[in-house]
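Keep the structure open while you read and click along.

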Amino acid sequence: MISIKSVSKSYGSKIVLDNINLEVPKSQIYALIGPSGAGKSTLIRSINALESIQEGEILVKGVSVHSKQTNINQLRTNIGFVFQSFNLYPHLTALQNVTYAPIHVKKMRSHDAETKGKALLASLGLEEKCNEYPGQLSGGQQQRVAIARALAMEPQLMLFDEPTSALDPEMIKEVLDSIRKLALTGMTMVVVTHEMGFAREICDKIVFMAEGKIVETAHPEQFFSNPQTERAKDFLAKVINH
Ligand SMILES: Nc1ncnc2c1ncn2[C@@H]1O[C@H](COP(=O)(O)OP(=O)(O)O)[C@@H](O)[C@H]1O
Ligand SMILES: [Mg+2]
């Protein structure tokens, strides 16, 4: 589904992505973890061309994301992206947030988009919130609207950049539960997260990054019980049982 080949990127003399190679097969869930500044956001954002790259190539379903020939808007309809800060349209209701792209990008009929949008919001426990504005919703509810909005385009791939980092602790579970549900549908996902229990439970692979490099890629059980590198051991010692 995703093929990342020898990707590098720098800002001036600072290397943020240093020869990244990674394959994410269809229906697999990969967690991207590592210390702040490791390059996790830069990497996940480059998968749908929210970031440019200087070297290498990223393919999504065989399409070269950064190629000038690629219609990036077309490609992005296949890729759902969920941000740490929700990024909902504040002047649109929850339902309007969800139906906006299907109506305006996919040219779906309003009535069909609304029927589908309501069903999606209901599946995320938000049936009562369709007509509320983002400012009237809790952070956890806003993030579930953001997930519904991404799913409304029927993407084949979902990318999450720290989806729970801006949430109060009691709201983290409701958002993680929504992602867990999505995992059961066979959705391909890449999730940048600091929720180690969640990563261990639902992910097929843990990709550990530090200083712009992939330091270790491993099965969760292997990674958490027996990390192979000093860098990963050091990181885990800091994030677990602190
Ligand atoms: N626009 C930018 N200009 C200069 N440096 C940047 C810019 N964006 C990110 N960086 C740097 O790139 C590195 C990786 O950032 P990021 O991908 O956000 O890391 P992470 O998500 O793992 O915390 C950091 O050192 C950050 O300061
Ligand atoms: Mg980040």
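Phe86 counts as buried because its relative accessibility is 11%, where buried means under 20% relative accessible area, exposed over 50%, and partly exposed in between (1.4 Å probe, protein chains only). You'll find Phe86 in the loop between β6 (79-82) and α3 (94-104); helices (H or I, at least four residues) and strands (E, at least two) are DSSP runs, numbered from the N terminus. Phe86 also has a positive phi of about 65°, although it is not a glycine.

A word on where these values come from. This is a predicted model, in which local features need pLDDT of at least 70 and side-chain atom pairs count only at pLDDT 80 or more, while totals for chains, interfaces and linings use all residues. Residues are numbered from 1 along each chain as its sequence is written, chains are lettered from A and ligands numbered from 1 in the order in which they are written, and side-chain values use heavy atoms, with hydrogens and water left out.

Ala49 is another non-glycine residue with a positive phi, near 65°. This one sits in the loop between α1 and β4 (55-60), and Ala49 is partly exposed, at a relative accessible area of 23%.

Now for Gly34, in the loop between β3 (29-33) and α1 (40-47). Is Gly34 buried or exposed? It is buried, because its relative accessible area is 0%. Beyond its neighbours within four places in sequence, Gly34 is in contact with Lys40, His194, Phe208, Met209 and Phe235, contact meaning heavy atoms within 4.5 Å. Glu211 is 177 residues away from Gly34 along the chain, yet their C-alpha atoms are separated by 9.1 Å.

Thr188 belongs to strand β8 (residues 188-192) and counts as buried because its relative accessibility is 1%. A polar atom of the Thr188 side chain lies 2.7 Å from the backbone nitrogen of Ser27. Leaving aside neighbours within four places in sequence, the contacts of Thr188 include Met1, Val24, Pro25, Gln156 and Met158.

Next, helix α5 (residues 139-151). Its 13 residues reach 18 Å from first C-alpha to last, close to the 18 Å expected at 1.5 Å a residue (the expected span being 1.5 Å times one less than the number of residues). How many residues of α5 are buried? The count is 13 of 13, so to speak a mostly covered helix.

On to the interior. In soluble globular proteins, nonpolar side chains tend to be buried together. Here the largest nonpolar core has 49 residues, and Leu121, Ile147, Met158, Phe160, Met189 and Phe223 have the most contacts inside it; such a core is a set of buried Ala, Val, Leu, Ile, Met, Phe, Trp, Tyr and Cys residues joined through side-chain atoms within 4.5 Å. Helix α6 (residues 169-184) gives the most to this core, with seven residues. A second, separate core of 27 residues includes Val24, Ile44, Ile58 and Val207.

Finally, zoom out. The protein is divided into domain 1 (23-53 + 71-78 + 158-242) and domain 2 (87-154), with bounds from an automatic or database domain assignment. Their centres, taken over C-alpha atoms, are 24 Å apart, and the contact takes 13 residues from domain 1 and 13 residues from domain 2.

Technical notes:
A polar contact is a pair of N or O atoms within 3.5 Å; within protein, one must be able to donate a hydrogen and the other to accept it, and residues adjacent in sequence count only if both atoms are side-chain atoms.
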